[in-house]
Amino acid sequence: MISYFTWNDFDNSVKHIANKCNLLEFSGVYGIPRGGLCLAVALSHKLKINLISEPIKNSLIVDDVYETGITLNNFKDIEGAMFFVLFSKIKPTWWNTVHISNEKEWIIFPWENASNFHSDRNNYIKKRGLS
């Protein structure tokens, strides 16, 4: 299953996250490369907080998709950090999500080249050991 996430969807998601975070104080926002970078930049502007090059205490840490947890789990123990993803393929426990998606769903983001999604998907599946 393929889903297209548009710039309009992205803007609405940024607003959603900003509304959940606007009363909180962060030391900065960190976007996990590559998927979280666009989101981190947008939230940096929206929330008027610094974009940081590495996650630190009390930071907002964002990514595009939570699927296996391999990436986000690396940052789980950062003191006072808050975590947001655009899509989670499982019900969130310690992180927050804007959307819950089906585990078989492949999401094409507006900053991606849609014509490359087959190779991107295959490389991702192979790298993560998914079937």
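Which residues form one aromatic cluster? In this predicted model, select Phe-5, Trp-7, Phe-10, Phe-87, Phe-109 and Trp-111, which make up that cluster. A search of the whole structure finds 12 aromatic pairs, and the tour visits some of them.

**First stop: Trp-7 and Trp-111**

Keep Trp-7 and Trp-111 selected. Their ring centres are 5.8 Å apart and their planes stand at 55 degrees, so the pair is tilted. Trp-7 belongs to helix α1 (residues 7–21), while Trp-111 sits in the loop between β6 (106–108) and α3 (117–128). The pair thus links distant parts of the chain, 104 residues apart. Trp-7 has a relative accessibility of 44% and counts as partly exposed. Trp-111, at 28% relative accessibility, also counts as partly exposed.

**Second stop: Tyr-30 and Phe-75**

Next, select Tyr-30 and Phe-75, an aromatic pair with 5.7 Å from centre to centre and 55 degrees between the planes, which is tilted. Tyr-30 is found in strand β2 (residues 29–31) and Phe-75 in the loop between β3 and β4 (82–88), so the pair ties together parts that are 45 residues apart in sequence. Are these two residues buried or exposed? Both Tyr-30 and Phe-75 are buried.

Finally, select Ser-59 in the loop between α2 (37–47) and β3 (60–66). Its relative accessible area is 0%, so Ser-59 is buried. Now display its surroundings: leaving aside residues up to four places away in sequence, Ser-59 touches Phe-26, Ser-27, Gly-28, Ile-52, Gly-80, Ala-81 and Met-82.

Notes: Residues numbered from 1 in each chain as written. Predicted model: local features only at pLDDT ≥ 70, side-chain atom pairs only at ≥ 80, totals over all residues. Heavy atoms only, no water. Helix = DSSP H or I, 4+ residues; strand = E, 2+ residues; numbered from the N terminus. Buried < 20%, exposed > 50% of the residue type's maximum accessible area, 1.4 Å probe, protein only. Contact = heavy atoms within 4.5 Å. Phe/Tyr/Trp six-rings, centres within 6.5 Å; stacked < 30°, edge-to-face > 60°.
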